[in-house]
Amino acid sequence: MIKQALLAEEKEQIRLFLLSNDLGFDFHDDAYFIEEDEKIIATLSLDGHIIKGLAIDVHYRGMNIAGELLSHAIAILSNRNLYSYHVFTKSIYVDLFTSMGFRLLADSGKVAFMEGGVDKIEDVILGYQKRIENTFGIKIKDNDLGTIVVNCNPMTLGHYQLIEASAAKHDFLIVFVVETDESTFTYKERFSLVYLALKPLNNVLVLPSTNYIVSKSTFPSYFLKALDEREYEHAKLDALIFKKYFMPLLNLSMRHVGTESEPVMVAYNQILKDTLGEKLQEIPRFSQNGVVISASLVRRFMYEHRIEEALSFVPHSIRPLLKAIMEEKNVRTKP
Amino acid sequence: MKIGMAGSLESNDALITVKESSVINIEVQSIVDAFYHDQIVQVIQSTLDAARINAIDVVCLDKGALDYTIKARLLTAIHRMEVRHE
């Protein structure tokens with residue numbers, strides 16, 4: 001019988017079981033397990049629409065316990081009105097999930113990213129293709145399109161100049177704004193600011209990043225123990241999906257990135273470079289009066305209540321909106 | 001979007017997902033694909049015919065279900081699709 005782990009000690013047991021299977025565990029996830037003689041023999045976890053942490057005790061394999069757990073998971077998800085799911089799993093389980101109707105999107109050699117259910121990545125991207133063609137009144141195959149993926153937390157003059165410089169190199173530029181809400185500014189705030197700031201650029205289209213690009217929800221932090229190795233594998237899957245689906249289906253010839261100074265972002269850029277090769281171009285960051293403009297700089301001024309100084313680093317067109325958002329945030333964060 | 005689902009991925013069962021469509025589209029993946037793929041498609045098609053449904057998208061993940069299991073799962077999935085979205 002499948003049970004849900006509700007007690008802390010049950011979750012601790014699952015953590016140990018997963019550890020013995022070389023997997024990590026996140027206590028926030030909904031975890032399900034099967035016991036035999038009061039010992040865990042199989043587990044699976046859910047985090048939103050993401051299925052992960054599947055492990056079966058070596059003595060109980062070949063009995064389709066995975067099918068039982070996955071059926072349970074799919075029933076729970078459909079009760080929550082979720083009919084599209086993503087899977088993070090070790091590469092060795094790819095065949096198992098494939099036999100359950102899941103489709104492989106990317107495999108780094110260590111970990112794999114798969115999808116199942118109703119939505120298909122191709123459909124999502126083809127939807128974007130239509131949107132791009134309708135917006136600009138073009139056929140994408142006849143034009144040179146570039147792309148850039150930004151978080152913009154918040155939008156700065158640095159971002160603007162980077163996007164302006166990238167847009168100048170192509171007929172059209174597609175800007176993807178990261179949808180995952182893990183930043184100081186919410187996705188809606190970030191998207192609105194980017195949209196507003198880029199309005200003057202006629203050959204630029206701003207789109208949501210979907211679940212498939214730099215989505216923190218699809219890069220769970222459970223399957224490899226070392227942080228660096230884990231980040232590395234996540235980033236690799238992200239780069240592979242972008243290369244395999246977004247670039248060919250949207251006819252994107254080049255992805256641009258700004259040079260980075262933070263170690264994680266430097267590593268991410270390097271992985272993108274390794275994966276995309278010549279289709280990745282790094283553009284140096286812009287400075288203003290000798291100061292390199294970055295979103296972290298703007299946030300620091302905001303937290304120090306030096307809003308006017310913070311706003312001096314962002315495009316004029318978004319200053320009134322950003323000011324209002326910042327003031328609201330500072331009111332909320334006051335002790 | 002109207003979606004309905006029934007069944008499971010356990011042995012001798014099938015997981016059937018149906019959703020709205022403007023045409024009939026049947027997708028079957030089975031552990032006995034080599035032997036029974038066409039027959040499963042046929043069971044689904046005739047069940048749809050009997051229910052007078054001429055536009056639907058059906059995805060069937062089969063784990064060795066018998067014909068009447070597939071038929072029952074399909075009809076339940078269609079029923080759930082209609083009920084949930086009434």
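Analyst: Happy to. A residue is buried if 20 or more other C-beta atoms lie within 10 Å of its own, exposed if 12 or fewer, and partly exposed in between, with C-beta atoms placed from the backbone. This is a predicted model, in which local features need pLDDT of at least 70 and side-chain atom pairs count only at pLDDT 80 or more, while totals for chains, interfaces and linings use all residues. Residues are numbered from 1 along each chain as its sequence is written, and chains are lettered from A and ligands numbered from 1 in the order in which they are written.

The C-alpha centres of domain 1 and domain 2 of chain A are 32 Å apart. As general background, nonpolar side chains tend to be buried together in soluble globular proteins.

Beyond its neighbours within four places in sequence, B:I16 is in contact (C-beta atoms, placed from the backbone, within 7 Å) with B:M5, B:A6, B:G7, B:V58, B:C60, B:R73, B:L74 and B:A77.

Now for chain B as a whole. Chain B has two helices and four strands, running β-β-β-α-β-α from the N terminus. Helices (H or I, at least four residues) and strands (E, at least two) are DSSP runs, numbered from the N terminus. The radius of gyration of chain B is 12 Å, close to the 12 Å that the globule rule gives for 86 residues, so chain B is as compact as a globular protein of that length. That radius is taken over C-alpha atoms, and the rule is 2.2 Å times the number of residues to the power 0.38. The C-alpha trace of chain B spans about 35 × 20 × 20 Å along its principal axes. Buried residues make up 38% of the 86 residues in chain B. Of the contacts in chain B between residues at least 6 apart in sequence, 72% join residues at least 24 apart.

Not every residue is tucked away: B:F35, in helix 1 (residues 33-50) of chain B, counts as exposed, with 10 C-beta neighbours inside 10 Å.

Finally, the meeting with chain A. Here 13 residues of chain B are in contact with 12 residues of chain A. On the chain B side, strand 1 (3-7) and strand 2 (14-19) each supply at least two residues, and strand 2 gives the most, with three. That side of chain B divides into six nonpolar, four polar and three charged residues. In this count Ala, Val, Leu, Ile, Met, Phe, Trp, Tyr, Cys and Pro are nonpolar, Asp, Glu, Lys and Arg charged, and the others, Gly among them, polar.

Definitions and conventions. Two residues are in contact if their C-beta atoms, placed from the backbone, lie within 7 Å. Domain bounds come from an automatic or database domain assignment.
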